Structures are given as C-alpha cells and as structure tokens.
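Have your viewer open and your selection tool ready.

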Amino acid sequence: MALCAAPVLAINDTALDSIYNQFTIDEVEVTARRREEPVIPVQKLEGARLEGLSTQSVADAARYFSGVQLKDYGGVGGMKTIDVRSMGSHHLGVFYDGIEIGNAQNGTVDLGKFSMDNIEELSLYNGQKSEIFQPAKDYGSAGTLYIKTRRPKFSSDKSYNVHVTMKAGTFGLANPSILYEQRLTDNIHLSANAEYTYANGRYHFRYRKVFPDGTVAWDTTAVRQNGDVQAGRGEVGIFGYLPEGKWHVKGYFYASEKGIPGAIVNNVWKNSQRQWDRNAFVQGNFTKTFVRGYDFQFNAKYSNDWMRYLNPDTTLMYLDNVFTQQEVYLSMAHRVAICGGQAVNNKLRRTDINWDISVSADYQWNYLQANLANFVYPERSTVLAAVATQFYWQYFKAQASVLGTFVFDKIHQPSQTMPTASKQRPQFTPAVFVSYQPYLPEQLYLRAFYKRIFRMPTFNDLYYTDVGNIALLPEYTTQYDGGIQYDKTWSQGTFRMVSLKADGYFNQVKNKIVAIPKGNGQYRWQMMNLGYVEIRGCDVNLSTTLHCGKEVFLTVAGTYTYQKAQDFTDPEEITYGGQIAYIPWHSCSATANLMWKGLCVNYAFIYVGERYTNSANIPVNHLQPWYTHDMSISYEFPLKTGQRLHFAVEINNLLNQQYEVILNYPMPGINGKGIVKIII
Amino acid sequence: MVCVLCSVFCALIACRHEEPILPSEEEQHGEKDTTEIVGFYLLNEGNMGNNKASLDYYDYASATYKRNIYAEVNPDVPKEMGDVGNDLQIYGSRLYAVINCSNKIEIMDAKTAKRIGQIDVPNCRYLCFQGQYGYITSYAGPVSLDASHAQIGYVARFDTATLEINATCLVGYQPDELTIVGNKMYVANSGGYMVPNYENTLSVIDIASFTEVKRIPVAINLHRVRADKNGLLWVTSRGDYYDVPAKLYCLDTKTDQVVDMLDIAVSDLDIVGDSLYACATAWDNVTMTNTVSYSIVDINTRKVVCTNFITDGTDLNIKKPYGIKVHPLTHDIYLTDAKNYVSPGTLYCFSPEGTMRWSVRTGDIPAHFAFLRMPRELSQNGEN
C-alpha cells in the first residue's frame, strides 16, 4: 500500500486508521514511511512513542518538542503554558481537533487542563501548518500546536469499541476514564469519552543551601499544599464520511476546581487561593471536494468559558472574581487547483507541476464579562482573510500566504448607554516557505521560511481595570528559518529508519507588550509596547528505529535546542542584551522506546539548562539547570474472550531531583502511577 | 546506553550543583567620611512572589557599598529575608525590617544585621517606636461578616524587649504609615482595598490607653504621615488615580486641623532641617508616561521652593523614583530608582546642590533607608 501521501494532500483517513489499528509494530513503520516531508518543519508525537511518554497533560508531552520551553508551576493542577522559540506563550496558537482554543482575556492557553487521555497526536509547527487548505486562523500565530483527539476506528468485524482506563498514583491521583465508539452506519461514527481526575496534589519538596565549603547552611523539607484538583471532562463527537469528503461535530465540557499552590516564600509555606473553571464548546467541520480541483471546508464553533478566582487569605486583599468569555467562530476555506489538478492523489509524481490557490475567510466574536469594579465589558469582532498558494515543480516546493486581520472592539461601560467602539488598524502579514530536494529520490530537503505575524493585545492588556492600555499596538514577531532534513527508511536490516532535522533561526519580537510601573501608588502597572527581543537559535531533531532481533524494535529520538534570546529593550539598563527570563541557552530531550510484541519499555530524559528569572543575568536571578529521567513499562495482551488488557507502570523523576521551573514553585520529586486499561 | 549518553551530555553542558549561599557584592562608591552616622541600610522590596526582599549596606568610613548582605550574615535562615520589604527602621541597637508578604517583622542587630528574631504580623505595613514599645500597622484585622468581606486594619504594639505583641488597636481600613507626636499616634488610613470607597481619615490613638480617640478627615487614600520639628504633620494622599489627584497635606497637631494643602504628588518624602524633600511619579493618561518630580518644600513657609532638586540632568535617566532619604548632617540626597519593578534598581547619591556624586546598582525595588549612628570610637560596622 502506498502511504507516501504528501501531508498537504488529503489523506484517506480510514485506510490509514485501519492499519494503525491492527498492530502496534506497524505503527512504527507507518510513521516512518509517512515522513514525506512538508514544506514547513513539523514535529509530531503520536502512536507508540506518545503513549510511551509518561504524560498526564498535553503540556507534559509538549516538552519533548525541540524549541519549546514549558512554564510549569508544578503539580497536577498547576498552570502549564508553553513558549515556542522564545517568542512568548501568547504567540502560540493551540488547536483542538482543528479549531483554535481561544482566550481573548489573557491570550494564553493552560495546557495543563488538557488531559492526554484521548489524544492521538500532537504536532507542532513553527510558522504555520504545512497546508494551504485551512481556515485563515491557522495562519495567525507564530507557532502552532495541534492537538488531535482519537477518531473512531473499527476493525472490520466490530461495530463498537470500549476502552475503560483507570490510572492511580502519587499525589493521590485517581483518574478513571471511559471511551465508547460506535459505528452508527458505515459512514457515520460516534465517539463518547468521559474522564474524571482527582488529586490531592500533595508532595514533598526540599530546599537546601550550602556554604562555599559544601557544608549545609540550611535544609528544609515541606509538603506542597493547596495543590488539589478535581476535574471532569466529557466529549461527544460524531464523524461522518462522504464521497470525497467528511464532516464532524464535537461537543466538549470541562469543569474543575483546584487549589492554587502559589509561591513558596519565607514564612509562607502554604497558600489558600482557589480557582474554578467551566469550559464548554461545540464545534464542527465539513470538508468536501465538490469537483476535481475544487475543495471546500467549513468550520464553526461556539465556546463559553467561565472562571472564578477566590482569594480567601486574610493576609491579602480578598478577591472573588468571576469572568465569563464567549466566542463564536465561523470559517470558510476554498482551494482551487490551477494546474496539476490531482489534489486527491496519493501517487502524485514529482515531475508534474502542481499549483494550488486557496482563499479563506473567518469571522470571530468575543465577549468578556467580569464582576470587577469599573469593568468595561469588552466585545471584539475579528475578520480574518487569507490568500495562500502552493507550488510544486520537480524538486521544488513553495508556499506563500498573506493574512489580513481586521479587528473591531467595543466596550460597554456601565455608566454609558452606548458602547464605545474602537478599531485597530488593519494588519497584513505575509509568510513564505520554500523547500528543495536536490537528490531525488533521496529524502534530503533544504528549506527556509520567513513569516511575519503579530498577536493582538488581549482584553486584559487593553481593558483590565487600571492596568489596561487602550492605545496598545499589536506585538509583532518576524521569523527567519533555514533548515535541512534527511530521512531514510529500510524494510530490512537493523536500521529501519533514520531521520535528522536541523533548523537555524532568527526571530524578532517587536512592540513587545510589557507591564511598566506607573504613577505614585504602590505596584501599579500599565501595559506598554516597549519591549524588543531578538532570538537566535537552532533546533536539532534526530530519531532512528532499529530492528534488534525477531519482533524487537527500538526507537530512539533526541532533540537539542540552543537559544540566545536577548532583551534589547533599553540600552541604558543592565538588562540590555541579557537572556530573557526563563529561557535556557541549552535544552534537550531524549526518548527510547523498546517494543517486543505487547511489551513496551520507555525511557525519557529532559534537560533544561541554566536560566535567569530576569534579563538582568546576575547571580541573584540565576536558576539552576534541571533534568529528569522517566521510565515506563507497559504490557498489552489479548484475553481468550477477545478483549485486550493493558497494564503500565510509570516512574517519573527517577533520581528524585528537587528543582524549580518557575522561581519559588517547587516541582515534585520522584513520582509514579499505574495504569490499567481494558479494551473491548 | 541512552542513560549514559544523557549523563555525558549533561556533563558537557552544565550539571546541577548544590545551591550556594550567595555572598554579598562589594563596590567602592563616594568618598570616605567619618561622622557619627557610620552607614545606612537600604531595604529592597522585591516584587511579590519572588521572595527577593534584600538588604544592602553602605559604609561611610570605607566608602563601600555592600549589596545583598542578609544571606551572608544569616546563612541559616531558610528562604532568606522574605517577600516584599515594606519598611526599615533602626531603634535602639536594633534594625527592624517589615516584610509585608512574609507577614513578619524581621529583627536584627543594627550593627551587624545579624538576625535576633521575628514578630509575626499578617500583612504588616509600617513601624514607629516610642519608649519600650514598637508599633506596627496591619491591614489584616477582623473581616466583616457581610458580603463585602471588608477587613478593618489595626495597629499592634509590641515590646521591644520580649518581641511579643501585647495590645492591638483597630483603626480604619488598610492603614499605612503612622507617627507619634507627644502622647498621640497618627495613623494614615488608605482604604486601598475598598476601591472606590477609599478611607479619607487619619486615626488618632491615645498612647496611654492605646485606643482610637478620633478620626481626622484629610483626603482619600492616605499613605505617608511624618511629623516635623514644628509640631506639624505632613500627610500624603495618593488620590484615586483618576479624577482626584495626589496631594500633600499639612496638619497642626495642636488643633488636629488641616492647615495647608500643597498641589504636589508625593511617592516618598524625608524631612531634614527646614526642608521636606519629596519625589513623585504622576501618570499622565494623555502622553502615557510618568511625569516625575523632585520637590523641596520649606516646612516653615509651607511653600514649594524647588521643583527639581536634581540640577545636573541625571533625572533624565531615572525611570521610577521610589525612595528618598536625606543625610541629616551632610544633607546629601539619596534617591532610588525602582525601574520596572522586576529588575535591579539604582541608588543615586546627590550633593545638596543636586549634582550626582555616585550611583550603584541595588536589589529589586530599592525603597527604604535606615541610617546607622554610632559614637566614633566604637568599632566600624562589619558583617559577622
């Protein structure tokens, strides 16, 4: 079977899925063969490798991508955001099953809230997804993370699947989940998934300092408190397959209550702040090739996010704030094949000229309510329009796109009867991607891209009582990237797959939105477009699959990232030229995955080098490197009655390292969990 | 195998090592000088949650500035000095530092900064002393049972010998500075958590009975209150940051009446001789910039006599003037720049004529000063 489908072409989902479903071993090979390279560098975690990583949330898994820095406040319920290539977490677009998860209020998505329970694939694109047939929104971020949940797939003799999973472990973790998939008709499949997570979030942490001669100055151990979390998630999806098309509709509901463990400072070893979240959305996609050479897709979403923050601590100001955000999103995308025309053809020959053009238009509406004094109830309408083209000729591939963004804000002050409207200047931002394959059929690619994009100031940046600044301009990023990639696969012998990717890049972040102190009161801030950051870096990814004997496969993958991310905001300050906060110069990860029949042994290592908590790179702001070793073992076997049983044990931070990702937020030491799964 | 590779890699780049006690950093600044004021401490607040309150010390005899001395002098204190310094005073032979978000007053030996103990006071703000007692304001009084959750503030009295709190007196909401004139204590109530219903009074406490005897209306959101040698109180109001501007008020303690109002914003002030030195940052919503002022008020005529005491143009480099202190003998002016609140600040020393003598990098948010006086024959200050 030919699986060398270029990712820019529509892949026949069902054909691939049935192969995925048969044997775990096959997955490796499928993964290997599918590495037909996109124009735009992509990193993927999927299949056995993803399953082998001991990850509770999407954030934990995203650490294994190169160029990514995770901001982790610790624990099961702690907030986790990621920052790609040091441009700031606001510049990462996070897409859940194809549609972006919005947060108009503060612009970042807490990836700690997204459980790995039902996730099939994570892909990270620098720049944008290597696809021109997509909503305008997909062009709108400097980096993009796609979270893809499992789609129902059935072996030929079954019309349903049931997975029942129970995870339990340290921090008082109890995490049952159930997945039910039903073939309603041949072309309509249903998937329902529910999960409950409880953790008391308690773990020991230790702080210790020594004198220059190595003797202990002080050494203290305490238990992390107020890190408990209770969360429920439910998802229902219906997936339809049409001749030359497909559709799906999905409903998502998440509710949680958690403690915010907070910073550990002198004389304060526990905190009492609480947060409640309720996130719900309904979204759908319809994609169809109407005539040969013309494809159409439609996406829509409504989301409603409610959040309550409570500070009951009487040593601080009492706060009980409630925020409600709503979003409506509609998108249409068209693709026309100008020449070549074989848009849905897996066996496209590279000697053909292939030229496509796509046009997409999105409309998005956001509204934020809050119970704050002097709150202005911001409402935003955004129109996004994108034109993109893709050109293949012999060994040469290119994509180019222009995104137009039109933003209209309105604020509803309670004191005024009419809303005040404001309009941001229209923005047009380009991206160009090229790739060249010099020695056909060798899978060697040279590539480069340029992309300029921005993030809009968030509602908090613009309108937060007293802090917001209505005059803010967008924060721009410009990316230049050049890279090389080499892949080789063999169907026999020891080496089955080798893949090497290396990219060097230069990024600029201009008009960076930063808080500056203002006025004569204490700790009063104002958001301003003041910052300027330059980032020079390289990412290297290496992976190989070895066939080590009968039915024994070993996959080893490594990433390395070097980043010099300098703050060039103010030449008069000590911070000028300093490495920006929390960005290490060096970071890397390594994973090894050994499979023999149903047995799977995994090892994962993450290293994050020394960092500073501020761009003043002085000893008091220094943070030590940290690195963790994680192991997991799983075994899956069929029962006589036809069901399959899956057991796994995970041990994380094997060497019990006591570390901090964020200053004063201690991370857990050695921890583990056990997993039992029944597949019916 | 991978394990070994990782270890090798780790050895090549950088491994984790034991977290050391950071030594202080010493720099030479200014000229050597010997008076009965042998030095001063500077308390850096550190931004909330960073646990970066830190103490610097300047020694006049050797003209050296020592940055971040607390951990070096007190290496056995877990998590060092604490989170957000808010006030610093020397009384008797002791140095008192109010660490707001660590909910404590840190008590140290004034000569060495060696820790003696601590007094736990939730959300503690400012200090003053008289006789054997110290007094501290706190925002964290009883919480009202209604839906407002309003929390009244109080003044706590502690015995400087035993370091125990022995009485408390409720005042207004979110009390800030306090000062003592004769047998009365004046407490500036801010109401900072009650927006937009700020407090607008000074509380007057009778020291003997330690009870609040009256409230004097002055202006909203009061912050600082300082007594001068004429028996006048100088009280600052932060305004509401919108329509009501920040101002400086003058109150006569004989009549407890407001006798004057000056149209200047004051972030911090110090009174030496006949002069009240004030620095301020006022936010201009039109230009979206901070307008900075450095004023001198004649406390006798109660008039602004100078609108910018920095005469050499150094003021152009100062982003966020935050703390001010004037040397009682030489009248040198010490001014701190808190910059962006999250990176190190700068301390400037100006001559009485307003030209910069020297400047030095400090900790984050340098703010509060305490001069150390000592008879000249005693040993010079040294750390441990």
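With which side chain does the side chain of A:Gln364 make a polar contact? Select A:Gln364 and A:Lys137 together: their side chains are in polar contact at 2.7 Å. Keep in mind as you look around that this is a predicted model.

**Stop 1: around A:Gln364**

Colour strand β18 of chain A, residues 353–370, and you will find A:Gln364 within this strand. Is A:Gln364 buried or exposed? Its relative accessibility is 9%, and because buried means under 20%, A:Gln364 counts as buried. To see what surrounds this residue, leave aside positions up to four places away in sequence and show its contacts: A:Lys137, A:Glu327, A:Val328, A:Tyr329, A:Arg380, A:Ser381 and A:Thr382.

**Stop 2: where chain A meets chain B**

Next, bring both chains into view. Chain A contributes 67 residues to the contact and chain B contributes 74. About 6,100 Å² is buried between the two chains, with carbon and sulfur atoms giving 57% of this area.

Six salt bridges are found across the interface of chain A and chain B. For one to zoom in on, pick A:Glu573 and B:Lys339, which form a salt bridge with their closest N and O atoms 2.9 Å apart. On the side of chain A that touches chain B, elements giving two or more residues include β25 (495–517), β26 (525–549) and β27 (552–567) of chain A. That side of chain A divides into 36 nonpolar, 22 polar and nine charged residues.

**Stop 3: strands of chain B**

Move to β10 of chain B, residues 133–138, where five of the six residues are buried. Strand β9 (residues 124–130) of chain B runs antiparallel to β10(B), joined by five bridges; look for B:Leu127 opposite B:Ile136. Two residues separate these strands in their hairpin, and B:Gly131 there has a positive phi near 60 degrees. Strand β11 (residues 152–159) of chain B is also antiparallel to β10(B), with six bridges, and here B:Ile136 stands opposite B:Ala156.

Finally, select β7 (residues 104–109) and β8 (residues 115–120) of chain B, an antiparallel pair with five bridges. B:Met108 faces B:Arg115 across this pair. Their hairpin has five residues between the strands, and B:Ala113 in the turn shows a positive phi of about 65 degrees.

Notes:
Residues are numbered from 1 along each chain as its sequence is written. Chains are lettered from A and ligands numbered from 1 in the order in which they are written. This is a predicted model: local features need pLDDT of at least 70, side-chain atom pairs count only at pLDDT 80 or more; totals for chains, interfaces and linings use all residues. Side-chain values use heavy atoms; hydrogens and water are left out. Helices (H or I, at least four residues) and strands (E, at least two) are DSSP runs, numbered from the N terminus. Buried means under 20% relative accessible area, exposed over 50%, partly exposed in between (1.4 Å probe, protein chains only). A polar contact is a pair of N or O atoms within 3.5 Å; within protein, one must be able to donate a hydrogen and the other to accept it, and residues adjacent in sequence count only if both atoms are side-chain atoms. Contact means heavy atoms within 4.5 Å. Two strands pair if DSSP finds at least two bridges between them. Buried area is the accessible area (1.4 Å probe) that two parts lose on being put together, summed over both. A salt bridge is a side-chain nitrogen of Lys or Arg within 4 Å of a carboxyl oxygen of Asp or Glu. Ala, Val, Leu, Ile, Met, Phe, Trp, Tyr, Cys and Pro count as nonpolar, Asp, Glu, Lys and Arg as charged, and the others, Gly among them, as polar.
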